[in-house]
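Here are my notes for your first read-through. Keep the structure open beside them and check each point as you go.

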Amino acid sequence: MIRKFLAGLAVMAGLSPVFSPVAALAQDDVERQIDALLAEMTLEEKIGQLTQYSSFWDATGPAPQGGEQEEKFDQVRDGRVGSMLNVVGRDEVRAVQELAVEDSRLGIPLIFGYDVVHGHKTIFPIPLAEAASWDLDLIEQSARIAAIEAAAQGLNWTFAPMVDISRDPRWGRVMEGAGEDPYLGSRVAVARVNGFQGDDLSADDTIAATIKHLAGYGFSEGGRDYNTVDVGSVTLHNIILPPFKAAIDEANVRTAMNSFNTLNGVPATGDSYLQRDLLKGAWGFDGFIVSDWGSGREMIDHGFAASERDAAELAIEAGSDMDMESYVYRDHLADLVESGDVDIALVDDAVRRVLRVKHELGLFADPYRYVDDPAQEDILMAPAHRAIALEVAKDSIVLLKNEDSLLPLKQGEKIALIGALAADKDTPLGNWRAAGESDTAVSVVEGFEAAGVDFTYREGAAVQVGEAGFPQPVVVNTSDRSGFDAAVAAARKADKVVLVLGEDGLQSGEGRSRSDIGLPGVQQELLEAVHAANPATVLVVMSGRPLILDWADANIPAIVQAWHLGHESGHAIASVVTGAHNPGGKLPMSFPRSVGQIPVYYNYLNTGRPGPLENEVFWSHYNDLPNTPLYPFGHGLSYTGFAYSELEIVQNAGAVTVSVMVENTGEMAGEEVVQLYLRDPVASVARPVRELKGFEKVMLVPGEITQVTFELSGAELGFYDQHGNFTVEYGAFEVYVGGSSMADLGASFTRTGD
Ligand code: NOJ
């Protein structure tokens, strides 16, 4: 049917009736084919292309009851649906695609979306953890493998990467992003989009990526999910928007998703400044925008739309092309067009964008390209994929503290391994585990066994009790201390203790904001009891966000941040604590000293009363806490040491080259993330005390010294002013280079004119 129809179209459009592969089609030809198809489509069929339904096999929102699923499939047959999400499995995708292609009048293929966020079957570290690797090649490979596996199961569109910058670890979705910094966030966004989309979107192992959530979702008040966002234009343009723009400019991302929140009073789905003026206007984005789940209809609750009809009008006018599960286009767009309230040109533009991406994916050339070969699935969980998952997991681990070189563990030491999370095979899979099967990660217990560590395991305390499935909330927490005595006894007998504490895999993620981000339940008590029994204690923290570790930092000699690391978690953690792998991860987000300090982030403004001023009251500070975070952005230790020297700046015809020597001063080979920070001390808009503007990861053997150079151009030196205009100003700049945002090796230069 599809081939018949398309051959007809080719004739109508004056093309060769032999349908050529999409990759070979010139963009003009694609647009002409879309013109021809649009001319054939009824208004209902056009609106169908803008309607996305969930299969409800794996939904992240409330599912309707009864026979609604069947009704939706009938609408697919009627050409009233353009996309499905949450159809899981190759056979299932094929069955639904057949309804669209064989049974609908025009046979337009569906595009199948799914939240493939950190792996599909092979589960990789959560995105926040991957960002801690600062390894863009590995991050790209991780997304590439996720795309290969998702495509093997018939999917052609992922709702990732989430590029929301956030400064609030109470927000459960920080696990899904790249942290607090727009520069690192932009580099990671580009790497992930490149990984998902590959070089050729029409290949059958590449999928369309989505940048989300446009915009400001990570700045919700109080870190409470779905909450109000109110930020000024300087923060919007300099902090929130850069990763979106980078993914469009540098990786040609094909779709974007708007967000649930209001931004400065306007729900993002109805925000024409973000969607029409910026994305589709100034930035030239020619893919399509999908709403978030039900966000069209939610504009009524926001107090922005009077009715569903009003919501549909506001959304299409603002540039939200496809409606995910709020039915406002399905139910009201036809009437809006027929009554003249909405210009059909807006609908046509939205449909054109959707059809364009379907063309680029090769779905018109072969709608079954992702599902026609069962052997495609042989690639799922391939050993090569596991091997990369292990590499990424090892590189994502951050050594926060290591007093007196307590780590790595030494040969022959007897270890007490304590904590329910050490035996947990599910938590490391994290929150967005796509098609990853529950309870399949390598636990720390298994990792220690495989590494030949001499250890005794005790649970100590459970992290959570009760039913804890997706999407139900995790029931926190146990008050059960019955395992304490055995844990303390084991600690006493051991040379060293490795205590694995933190959050359950489903304690972070969407809808999982927390007001208290200490160790959940009685784990803090367990930590104190075990430490009292044996001070030679290593704390391994599994979490989807920075936790408050102030007591641990003051008392525990060694702390390892191990996030939720995916399938290879236990192997990666064992390899770091035994020293088989020298950790090199660096924090992509500051760790606060207390919840009251949030937001605490490294690229803050100086204020008019910066301090610190001893014995003074009237400067910007808390009376009961330092202003600094517990662990700053960019921080991470190694088993070796690195020294920085000879920072030099050379200016040549407007270009600025910064060079520095980095030496491995210890006794073990190791990787260092060399970070460059910039400060513009006087500008027309107050600029942050430091901003990351470059980084490079280097591997050095003991005694090795290398030169690292960075180029700074207008893109790095400039900023967006309060009107959203990019400006590069003259005057002095300060540069700092080192192994964290606290780097103290600095130099300055003056930009005098090009
Ligand atoms: C809601 C989430 O906010 C969004 O990120 C996700 O892609 C959709 N649900 C679909 O699951």
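1. **A term to start with.** A residue is called buried when under 20% of its relative accessible area is left, and exposed when the value is over 50%. With that in hand, look at helix H18. Its face turned away from the buried side carries the exposed residues Glu449 and Ala450.

2. **What you are looking at.** The model is predicted. The chain has 23 helices and 25 strands. Its radius of gyration is 27 Å, close to the 27 Å that the globule rule gives for 754 residues, so the chain is as compact as a globular protein of that length. The C-alpha atoms fill a box of roughly 80 × 65 × 50 Å along the principal axes.

3. How many of the 754 residues count as buried? The share is 62%. Now consider contacts between residues at least 6 apart in sequence. Of these, 78% join residues at least 24 apart.

4. **The buried side of H18.** Helix H18 covers residues 444–451. Val444, Val445, Gly447 and Phe448 are buried there. Why do they count as one side of H18? They cover an arc of only 165 degrees around the axis, which puts them on the same side.

5. **What H18 packs against.** The partners of its buried residues include strands E12, E13, E14 and E15. Two helices are also among them: H17 (420–423) and H22 (569–577). Just after H18 comes Gly452, with a positive phi of about 75 degrees.

6. Strands E12 (residues 415–418) and E14 (residues 496–502) run parallel and are joined by 4 bridges. Ile418 stands opposite Leu499 in E14.

7. **Helix H19.** This helix spans residues 484–493. Its buried residues are Phe484, Ala487, Val488, Ala490 and Ala491. They cover an arc of only 160 degrees around the axis, which puts them on the same side of H19. On the other side, Asp485, Arg492 and Lys493 are exposed. The buried residues of H19 pack against E12, E13, E14 and H20.

8. **Arg386.** Find Arg386 in helix H16 (residues 383–396). Its side chain and that of Glu568 are joined by a polar contact of 2.7 Å. Set aside its neighbours within four places in sequence, and Arg386 is in contact with Thr122, Met381, Val442, His567 and Glu568.

9. **A hairpin to finish.** Strands E24 (residues 731–738) and E25 (residues 745–751) run antiparallel, joined by 7 bridges. They form a hairpin with 6 residues between them. Which residue of E25 stands opposite Ala732? Look for Thr750.

How values were computed: Residues numbered from 1 in each chain as written. Predicted model: local features only at pLDDT ≥ 70, side-chain atom pairs only at ≥ 80, totals over all residues. Heavy atoms only, no water. Pairing = 2+ DSSP bridges. Buried < 20%, exposed > 50% of the residue type's maximum accessible area, 1.4 Å probe, protein only. Arc of directions from axis to C-beta. Contact = heavy atoms within 4.5 Å. Polar contact = N/O pair within 3.5 Å; in protein donor to acceptor, adjacent residues only side chain to side chain. Rg over C-alpha atoms; globule rule 2.2 N^0.38 Å.
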